[in-house]
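Good morning, and thank you for coming. Please keep the model open on your screens while I speak.

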Amino acid sequence: GYQFQNWAKTYGCCPEMYFQPTSVEEVREVLTLARQQNKRVKVVGGGHSPSDIACTDGFMIHLGKMNRVLQVDKEKQQVTVEAGILLAELHPQLDKHGLALSNLGAVSEVTAAGVIGSGTHNTGIKHGILATQVVALTLMTADGTILECSKSINPEVFQAARVHLGCLGVILTVTLQCVPQFHLLETSFPSTLKEVLDNLDSHLKKSEYFRFLWFPHSENVSIIYQDHTNKAPSSSTSWFWDYAIGFYLLEFLLWTSTFLPCLVGWINRFFFWLLFTRKKENSHLSHKIFTYECRFKQHVQDWAIPREKTKEALMELKAMLENHPKVVAHYPVEVRFARGDDILLSPCFQRDSCYMNIIMYRPYGKDVPRLDYWLAYETIMKKFGGRPHWAKAHNCTRKDFEKMYPAFPKFCAIREKLDPTGMFLNPYLEKVFY
Ligand SMILES: Cc1cc2nc3c(=O)[nH]c(=O)nc-3n(C[C@H](O)[C@H](O)[C@H](O)COP(=O)(O)OP(=O)(O)OC[C@H]3O[C@@H](n4cnc5c(N)ncnc54)[C@H](O)[C@@H]3O)c2cc1C
């Protein structure tokens, strides 16, 4: 049988049957078969979620063959795509039409339905999570009905279905609001945690897509500004620094530190000094700047807290590491921002948010103990009203989500109506809804 593994090889499953439908009719046939045999169904996109959200031991549907651009509305600057399209496949087509998505996550080997369904985000306080770019979508519900939804058609379902967790049905098409194609200039420069936290508002004002990286066990910060530019594409990256040092040497040292954990603080400071103390500039088409090559397999957590809590929460994370020298944290802690929205299960529901992504690499595939770090982080995030990223592993259950999301009951009611038998559930989703 087919074996599924997510990108980071941290979660996997053996679905009983694996389908790659080429048409809406074939999708409906899979659902019919599932109903007849009382099987569960999970659609997988790019398989990039660092959790078991896309796993199933029932039927797995992969929409890689339903990846066409269906319509480009030049006037409204909107594009309708089949849900299985990878963003990497979409970008060149948008380029041809002089269009672009206004914001993207770090990778493009992910699908239109997958990124919206898990609440994928980037940074920029004027920009919402990626799902806020959706203006309409269609989904096939458990009984084979096709439901269109948008602000004006089935608005209640639309408010739920943009961050759908894969539990409302099979997303078939997505219509995205685009913007005219643009270039970005990325400038990164060193700073300190105190400076960046004291001047957060001014950084957020200064750069449209501002984020920063904090190097745990130190005061070091790398600030990254990305802004519209007319400059010709240019790059200051080099194979030697990026690969030989930033990847091969780092992976080796991280592996060494699995025997000598006290090395981690030193590694974080050393690599900051080596790679992040010079000001760097790159410019290119927006999607080439937003995305970068993630070379390391890794464990991550990424919670959204109210934006005003950024400083307090980070200071507490720092204090926790100082008070518990045995807890080690790989670099970076990546801090990003997103505008509030009205999508029922968006971590940014009704509030501007700060996302704080923590990471533990798996050098040569080796897991590094992380449970103490993970637990301390979750405790701090919860204390500040945090909501976990849906794609990324967390330990929350229904009780937590009821507290976190004012509209949780509303989403549950919609889910139970669209999928009364729980066809689209899996163990991850059972923890969320049961
Ligand atoms: C290297 C790397 C970098 C990343 N960078 C970022 C980042 O910058 N920001 C961020 O927020 N996240 C980031 N992520 C997380 C990633 O964006 C999400 O996991 C995203 O969901 C991946 O999309 P996918 O197509 O691989 O979805 P999958 O992981 O395949 O699926 C995600 C969910 O969507 C559902 N689904 C997919 N397609 C359909 C469909 N057609 N119908 C119904 N349900 C469907 C699945 O069932 C599942 O519940 C990163 C992940 C990796 C590995």
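This is a predicted model: local features need pLDDT of at least 70, side-chain atom pairs count only at pLDDT 80 or more; totals for chains, interfaces and linings use all residues.

Three strands form an open sheet in the order β3-β5-β4, with parallel pairing. Strands here are DSSP runs of E with at least two residues, helices are runs of H or I with at least four, and both are numbered from the N terminus; two strands pair if DSSP finds at least two bridges between them. Because β3 (17-19) and β4 (41-44) stand at the edges with a single partner strand each, one side of each is left without a neighbour in the sheet. From one strand to the next, the twist averages 25°, where axes are lines fitted to C-alpha atoms, for helices over the stretch in contact, and angles run from 0 to 180 degrees between N-to-C directions.

Residues are numbered from 1 along each chain as its sequence is written.

Strands β4 and β5 (residues 59-62) run parallel and are joined by four bridges. Helix α1 (residues 24-37) lies across β3, β4 and β5, at about 175° to β5.

Which residues have the most contacts inside the largest nonpolar core? They are I61, I116, V174 and M356, in a core of 117 residues. Such a core is a set of buried Ala, Val, Leu, Ile, Met, Phe, Trp, Tyr and Cys residues joined through C-beta atoms within 7 Å. A residue is buried if 20 or more other C-beta atoms lie within 10 Å of its own, exposed if 12 or fewer, and partly exposed in between, with C-beta atoms placed from the backbone. Strand β19 (residues 353-361) gives the most to this core, with seven residues.

Leaving aside neighbours within four places in sequence, the contacts of I61 include F19, V27, V43 and V170; contact means that C-beta atoms, placed from the backbone, lie within 7 Å.

Finally, I turn to helix α13 (residues 408-418), whose buried residues are F411, I414, R415 and L418. These cover an arc of only 100° around the axis, which puts them on the same side of α13; the arc is that of the directions from the helix axis to the C-beta atoms. P409, E416 and K417 are exposed on the other side of α13. The buried residues of α13 pack against α4 (155-161) and α14 (427-433).

Notes:
Two residues are in contact if their C-beta atoms, placed from the backbone, lie within 7 Å.
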